[in-house]
Amino acid sequence: MSGTEKGFEIRLPATPRGSRLVSLGAYRPRRVVDNAEICTFIESSDEWIQQRSGIAERRWAADDETLVGMAEAASRQALAGAGLTGADIDLVLLATMTGFSTTPTSANLLQAALGTRGGALELNSACAGFTYALAVADQAIRAGNARNVLVVGAERITDIMNFHDRTTMFLFGDGAGAVVVSAADEPGIGPVAWGSWGEQSEALGVLPPLADVARGLAAERPLLFQKGQSVFRWAVTEMPRTAAKALELAGLKAEQLAAFVPHQANIRIIDAMTKYMKLPEHVVVADDLRHTGNTSAASVPLAMEQVLSAGRVQPGDLALLVGFGGGLSHAAQVVTLPTLGPAGASRLPEPAPLAF
């Protein structure tokens, strides 16, 4: 017997047609680490690193540039650009793979710092985390559960980096990016194309697991590992298909795009994807990794900020976002690009006073 037949019916809220990215904020750590400094840790050269990855420099966080602090700085810039405060946010979604606390999560701490009172959720889909979180935000809004959602990608990869691993340590950097996603009469975020290849999870990961370290079950700090060739082959084969699926779901063609913003993993992967997808020459391809490196879940929002701040694209232009990485998880969607929040709003928060 249905609820209606029993004399009651669950009421659902009126739902908007879609959502859109309203504003964007970014935080890059102060310390710039060039390839010459990398070569003091591993036997390599600037020429080899740039040929293999396209990376000339990256940012490493200092002790006072905490995961939550960087996330807060990027979030405040995004909020200022949207003309909102924490009180206006119904849901905080923080994507990260470097939050060491299982509870309270870094999302809870970010919510407290911003003064929001809606939901707070931490997601870990590694380098695909931001695009996953963006899809969740869009669905929460279209379901009528929220009108304003803060989506953040933040990482301190240096906390899990093996500084003696010649195959990985030159790739990664730290940082945070955030967007405010709000209800819209016309959709500004397309349907998500996403998936996971868990059977290949041994290609990229962290050992020992962060949870074991946090619970004192592991004597050593966790270290990132990657089988570069396996990840490369998977990414250049499967990610163009995921990107094509996102375009298909949005009812769009590649020539309608203004920008392609893939996860900033490696310039050779990005070039191979661009070639495979046969993107028109007018489509701007984000290459923020040259100066920021691979920042995992922060990668896509930081790359969006880079192409917008450089004037290579404009707010309202169509962009295809693709995230991929550990898991092996991946997600893609077409979005209309947001405005940039005021740069002065992206400041590291003052240390909180000690409480006794």
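Before anything else, a cut-off I need: a residue counts as exposed when its relative accessible area is over 50%, and as buried when that area is under 20%. I also remind myself that I am looking at a predicted model.

**Entry 1: positive phi**

I looked up K278 to begin with. Its phi is near 55 degrees, a positive value in a residue other than glycine. K278 sits in the loop that links α8 to β12 (284-285). Is K278 buried or exposed? Its relative accessibility is 71%, so I put it down as exposed.

Then I went to A126, where phi is near 50 degrees, again positive in a residue other than glycine. I found A126 in the loop from β5 (119-123) to α5 (129-142). Its relative accessibility is 8%, so A126 goes down as buried.

**Entry 2: cis peptide bonds**

I checked omega next. T103 and P104 are joined by a cis peptide bond with omega about 0 degrees. P104 belongs to the loop between β4 (91-95) and α4 (106-114).

Another cis bond runs from G327 to L328, with omega near -10 degrees. I placed L328 in the loop between β13 (318-325) and β14.

**Entry 3: cysteines**

How many disulfides does the count come to? I get 0 disulfides, taking a pair of cysteine sulfur atoms within 2.5 Å as the rule. I noted the surroundings of two cysteines anyway. C39 is partly exposed at 25% relative accessible area, while C127 is buried at 8%.

**Entry 4: the six-stranded sheet**

I traced an open sheet of 6 strands, and its order reads β5-β4-β6-β7-β1-β15 with mixed pairing. Its edge strands are β5 and β15 (339-340), each pairing on one side only.

Inside that sheet I followed β1 (residues 18-27) and β7 (residues 174-184), an antiparallel pair held by 9 bridges. As a landmark, L21 stands opposite V181 in β7.

Which helices did I find on these strands? α5 packs on the sheet and touches β1, β4, β5, β6 and β7, with its direction at about 170 degrees to that of β6. Helix α3 (residues 67-82) lies across β1, β4, β6 (148-156), β7 and β15, and runs at about 125 degrees to β1.

**Entry 5: the five-stranded sheet**

I then traced an open sheet of 5 strands in the order β8-β14-β13-β11-β12, also with mixed pairing. β8 and β12 are the edges here; each has a single partner strand, so one side of each has no neighbour in the sheet.

The pair β11 (residues 259-262) and β13 runs parallel and is joined by 4 bridges. A259 stands opposite A319 in β13. α5 packs on this sheet through β8, β13 and β14, and its direction makes about 55 degrees with that of β14. α8 packs on the sheet too, touching β11, β12 and β13, at about 135 degrees to the direction of β11.

S196 stands opposite S329 in β14.

**Entry 6: α7 against α8**

Last stop, a helix pair. The axes of α7 (residues 228-250) and α8 (residues 267-277) come within 9 Å and cross at roughly 35 degrees. The crossing of α7 past α8 is right-handed.

I listed who makes the contact. From α7 there are Q229, F232, A235, V236, M239, P240, R241 and A243, and from α8 there are R268, I269, A272, M273, Y276 and M277. Sorted by class, I have 11 nonpolar, 1 polar and 2 charged residues in the contact of α7 with α8.

How values were computed: Residues are numbered from 1 along each chain as its sequence is written. This is a predicted model: local features need pLDDT of at least 70, side-chain atom pairs count only at pLDDT 80 or more; totals for chains, interfaces and linings use all residues. Side-chain values use heavy atoms; hydrogens and water are left out. Axes are lines fitted to C-alpha atoms, for helices over the stretch in contact, and angles run from 0 to 180 degrees between N-to-C directions. Helices (H or I, at least four residues) and strands (E, at least two) are DSSP runs, numbered from the N terminus. A crossing is left-handed if the near helix is turned anticlockwise from the far one by less than a right angle, and right-handed if clockwise. Contact means heavy atoms within 4.5 Å. Ala, Val, Leu, Ile, Met, Phe, Trp, Tyr, Cys and Pro count as nonpolar, Asp, Glu, Lys and Arg as charged, and the others, Gly among them, as polar. Two strands pair if DSSP finds at least two bridges between them. Buried means under 20% relative accessible area, exposed over 50%, partly exposed in between (1.4 Å probe, protein chains only).
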